[in-house]
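I opened the notebook to look up how the chains sit together. My entries follow the display.

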Protein chains: 2
Amino acid sequence: MKARVLIRLKRGILDVQGSAVKRALENLGYTDLKDLRVGKVVEIEVEAPDSRAATARVEEMCQKLLANPITEDFTIECPLP
Amino acid sequence: MKARVLIRLKRGILDVQGSAVKRALENLGYTDLKDLRVGKVVEIEVEAPDSRAATARVEEMCQKLLANPITEDFTIECPLP
């Protein structure tokens, strides 16, 4: 079963990569951007009987390795649309 | 209007970061992972009258700056669920 994890910096933590990309887009003429944040996406295919079991398993992986709980939030999408 | 861009390496291009994360998870006991890919997510808030206009605008940004057309594919989600 496939799951998708979106990992983003918590609100309040300066997103330097996002700021740099936003500035680069502004230099290209996209001056109407209100907000831009850059994060990571991890797509995992796990063996699990259903989406609930897969989500629980992926959540465990996030807590143990994928996300940094101090600086990052994560959301899990499973099943994928 | 908010849009989300998912940027992933094309199939066939070695995902070194994904392989490293997969190996790390295997070392933690998650030995049943079939596939794991790491990519980027960019969340942008643009000024646009509707989701179609926003998508077109964000697609232009992807082609000009956000994604590398040689090595990366991107998908745009707008409006966000």
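**Symmetry.** I laid chain B on chain A and got an RMSD of 0.0 Å, by a turn of 180° and a shift of 0.0 Å along the axis. The copies were superposed by least squares on the C-alpha atoms of residues with pLDDT of at least 70 in both. The two copies are thus related as by a two-fold rotation axis. In chain B, the C-alpha nearest that axis belongs to B:Lys40, 2.2 Å away from it.

**Ground rules.** I noted that this is a predicted model, where local features need pLDDT of at least 70, side-chain atom pairs count only at pLDDT 80 or more, and totals for chains, interfaces and linings use all residues. Residues are numbered from 1 along each chain as its sequence is written, chains are lettered from A and ligands numbered from 1 in the order in which they are written, and side-chain values use heavy atoms, with hydrogens and water left out.

**The interface.** Next I looked up the contact (heavy atoms within 4.5 Å). It takes 33 residues from chain B and 33 residues from chain A. I found that 100% of the interface residues of chain B are also interface residues in chain A, so the copies meet through the same surface. The area buried between the chains is about 3200 Å², and carbon and sulfur atoms give 56% of that. Buried area here is the accessible area (1.4 Å probe) that two parts lose on being put together, summed over both.

**Salt bridges across.** I counted six salt bridges between chain B and chain A. The term means a side-chain nitrogen of Lys or Arg within 4 Å of a carboxyl oxygen of Asp or Glu. One joins the side chains of B:Glu43 and A:Arg8 (2.6 Å, N to O).

**Who supplies the surface?** In chain B, β1 (2-9), α1 (16-27), β2 (35-45) and α2 (51-66) each supply at least two residues of the side that touches chain A. Helices (H or I, at least four residues) and strands (E, at least two) are DSSP runs, numbered from the N terminus. β2(B) gives the most, with 11 residues.

**Strand pairing.** I then followed β2 (residues 35-45) of chain A, which pairs with β2(B) in the antiparallel sense over 11 bridges. Pairing requires that DSSP finds at least two bridges between the strands. A:Leu36 has B:Ile44 as its bridge partner in β2(B).

**Whole structure.** In one of them, the side chains of A:Glu72 and A:Lys40 meet at 3.7 Å, N to O. A:Glu72 lies in strand β3 (residues 72-77) of chain A and A:Lys40 in strand β2 of chain A, so the pair ties together parts 32 residues apart in sequence.
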